[in-house]
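Reader: Thanks for sitting down with me over this one. Could you walk me through it piece by piece?

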Amino acid sequence: MRTVAGRAPISRAAVAGQVGLTRAAVSTLVDELVRAGLLVELGPEALQSSGVGRPGSALALNDRGPAGIGAEIGVDHLAACAVDLRGEVRARVRVAADNRGRPAGPVLAELAALVDRVAGEARAEGLRPAGLAVAVPGLVTRDGHTVVRAPNLGWSRVDLGPALRDAPAPLSVDNEANLGALAELWTSGGSAPQDFVHVSAEIGIGAAIVVDGRLLRGRHGFAGELGHVPIHPDGPACVCGGRGCLEQYAGEEAVLRAAGLASGPGAIDVLAEHAARGDEAARGALRDAGSALGIALAGAVNLLDPETVVLGGALSRLAPWLLPALEEELGRRVTDPDRPHRGTVTVSRLGSDGPLLGAAHAVVQAVLDDPVGGGTPGG
C-alpha cells in the first residue's frame with residue numbers, strides 16, 4: 001500500500017521490485033487489496049511503457065475507498081473534513097464558534113453534527129469513512145480519548161468518546177500542534193525535513209517536535225507545551241497557573257491587545273491587514289511577539305538542534321512581521337556559531353489548515369499501515 005501510495009501509477013512488477021517479494025506473491029496481495037476496495041487498476045495506458053514485453057496494468061490507491069475523517073475543536077471555530085486515500089480533500093466544513101468557557105457537552109454535540117455532515121458527503125461520493133481523529137488545543141492522554149487539560153477552552157478531564165460514539169470508528173484525539181506537524185510530514189511528498197519543531201498558534205501557542213521523522217511525545221504524551229515556557233518569570237499570570245509564559249507575550253489575545261484591536265473570529269486577518277498597511281501599533285505588537293517567540297525557540301533549538309523551525313497556524317499568516325525580531329533573537333541566543341539564524345525558521349505551506357488536515361490524514365495513515373485490519377490513527 002505504501003509503495004503504491006508513494007509511486008502510483010505503478011505496475012505489479014515494479015511493486016515486486018520495490019518490496020522484495022515475488023511477482024506471484026505481489027499479485028496475490030494486490031488481488032486481495034483490489035477486492036477490499038483499497039487499490040484500483042488503471043490499465044496499461046496509465047504506465048509509461050519501456051517498449052519491452054507486454055505492458056502491465058497500473059495500480060493506484062482507490063479514490064472511492066476508505067476516507068479519513070478529521071475534526072478540529074478551536075477556541076473560535078469548529079471544523080471537519082474528509083480525505084481520501086490519495087490525500088485529496090473530498091468534503092469540508094468550518095463554522096465560527098466561541099468555545100472559550102463553554103461546557104464541553106454543547107461543543108461536542110455541534111462537532112458531532114459537523115462530523116456527521118462531512119461523513120455523509122463522503123459516503124455520497126462513494127467513500128466509506130474509516131475512522132475519526134480530532135485535533136484539540138490541549139493535553140491529551142496518550143493513546144486515549146480524554147482531554148486532560150485545555151486551558152483556553154476551560155476544559156479539564158473531558159472524555160470525547162461518549163459524545164462521539166456515533167462517529168466513524170475508531171476514534172483518536174490528539175493535540176492540534178502534533179497533528180499540524182504530522183500534516184507537514186504526510187502531505188509533503190517526502191520533501192519535509194525529518195527533524196523540526198512545529199509551532200502553531202491560535203489563542204494559545206503549541207509546539208510539536210519531530211525527530212528522525214517521528215513525533216516526540218514524551219513520557220505522558222505532553223511534549224511541546226512551548227506556550228507555557230516562561231519568558232519573564234515575574235510576568236503576568238497565565239491560565240496555566242504560572243507567570244510570564246510565552247502566551248502572555250505572543251498569544252493571539254496578548255498581541256491583539258498590544259495592537260489595540262479586539263479579539264474574536266477573524267481578528268488575525270484584521271491584525272495582518274493593519275500591519276500590511278503600516279499601522280505602527282500592529283507592527284510593534286508583532287515585533288514584540290516575535291522577540292518573545294525567539295527567546296522561547298532559542299532554548300528549543302539549543303536543546304534539540306532541529307533542522308528547522310516551522311511556523312504554522314495563525315503564526316504563518318503573521319510571519320512577515322514576526323520573523324525579523326524572531327530571527328534576531330535566535331541569532332543572539334543560539335549557541336552554534338556556524339548556524340545561520342536567517343532561514344532557520346520557515347513558514348508552513350498548510351497555514352491554519354494543518355491540524356485539521358493532520359487529523360484526517362492520521363486516519364488515512366492508519367489504513368496504509370494496516371489496510372485489512374484498520375488500525376488506530378496516530379503518529
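Reader: Glad to have it in view. Is strand 11 (residues 196-201) largely enclosed or left open, and how many of its residues are buried?

Author: Keep in mind that this is a predicted model. Burial here means under 20% relative accessible area. Strand 11 is largely enclosed by the rest of the structure, because the number of its six residues that are buried is six.

Reader: Which residues cover the two faces of strand 11?

Author: Both faces of the strand are covered.

Reader: What is the bridge partner of Ala201 in strand 12?

Author: Strand 12 covers residues 205-211 and pairs with strand 11 in the antiparallel sense, over six bridges. A hairpin of three residues links strand 11 to strand 12. Within this pairing, Ala201 is bridged to Ile205.

Reader: And which residue of strand 14 is the bridge partner of Ser200?

Author: Strand 14 (residues 308-313) runs parallel to strand 11, and six bridges join them. In strand 14, the partner of Ser200 is Gly312.

Reader: Let's move to helix 10. How far is the polar side-chain atom of Ser316 from the backbone oxygen of Gly313?

Author: Ser316 sits in helix 10, residues 314-333. With a relative accessible area of 16%, Ser316 is buried, as the cut-off for that label is under 20%. A polar atom of the Ser316 side chain and the backbone oxygen of Gly313 are separated by 2.6 Å.

Reader: Which residues does Ser316 contact, leaving aside its neighbours within four places in sequence?

Author: With those neighbours set aside, one of the contacts of Ser316 is Leu311.

Reader: What is the volume of the largest cavity?

Author: Rolling a probe the size of a water molecule over the atoms shows where empty space is left. Searching the whole structure turns up one cavity of 30 Å³ or more. The space in the largest cavity comes to about 80 Å³.

Reader: Which element gives the largest share of the lining of the largest cavity?

Author: The lining has 14 residues, with Ala250, Glu252, Val255, Leu315 and Leu318 closest to the centre. Two or more residues come from each of helix 7 (252-259), helix 9 (280-304) and helix 10. By class, the lining of the largest cavity divides into eleven nonpolar, one polar and two charged residues. The largest share, four residues, belongs to helix 10.

Reader: On to the sheet with the order 7-8-9. Which strands stand at its edges?

Author: Three strands make up this open sheet, and the pairing is antiparallel. Each edge strand has a single partner strand, so one side of each is left without a neighbour in the sheet; these are strand 7 (139-140) and strand 9 (155-159).

Reader: Which residue in the turn between strand 8 and strand 9 has a positive phi?

Author: Strand 8 and strand 9 run antiparallel and are joined by four bridges, with Val147 bridged to Val158 in strand 9. The two strands form a hairpin with four residues between them, and the turn residue with a positive phi, about 80°, is Gly154.

Reader: Last one: which residue caps the N-terminal end of helix 5?

Author: Helix 5 (residues 176-186) is largely enclosed by the rest of the structure, because ten of its eleven residues are buried. At its N-terminal end, the backbone nitrogen of Ala177 lies 2.8 Å from a side-chain oxygen of the capping residue, Asn175.

How values were computed. Residues are numbered from 1 along each chain as its sequence is written. This is a predicted model: local features need pLDDT of at least 70, side-chain atom pairs count only at pLDDT 80 or more; totals for chains, interfaces and linings use all residues. Side-chain values use heavy atoms; hydrogens and water are left out. Buried means under 20% relative accessible area, exposed over 50%, partly exposed in between (1.4 Å probe, protein chains only). Two strands pair if DSSP finds at least two bridges between them. A polar contact is a pair of N or O atoms within 3.5 Å; within protein, one must be able to donate a hydrogen and the other to accept it, and residues adjacent in sequence count only if both atoms are side-chain atoms. Contact means heavy atoms within 4.5 Å. On a 1 Å grid over the protein atoms alone, a cavity is a set of points where a 1.4 Å probe fits but cannot get out, and a pocket is an open set with protein on both sides within 12 Å along at least five of seven lines; lining residues have an atom within 4 Å of a point. Grid points are joined across faces, edges and corners, and a volume is the space filled by probe spheres set on the points. Ala, Val, Leu, Ile, Met, Phe, Trp, Tyr, Cys and Pro count as nonpolar, Asp, Glu, Lys and Arg as charged, and the others, Gly among them, as polar.
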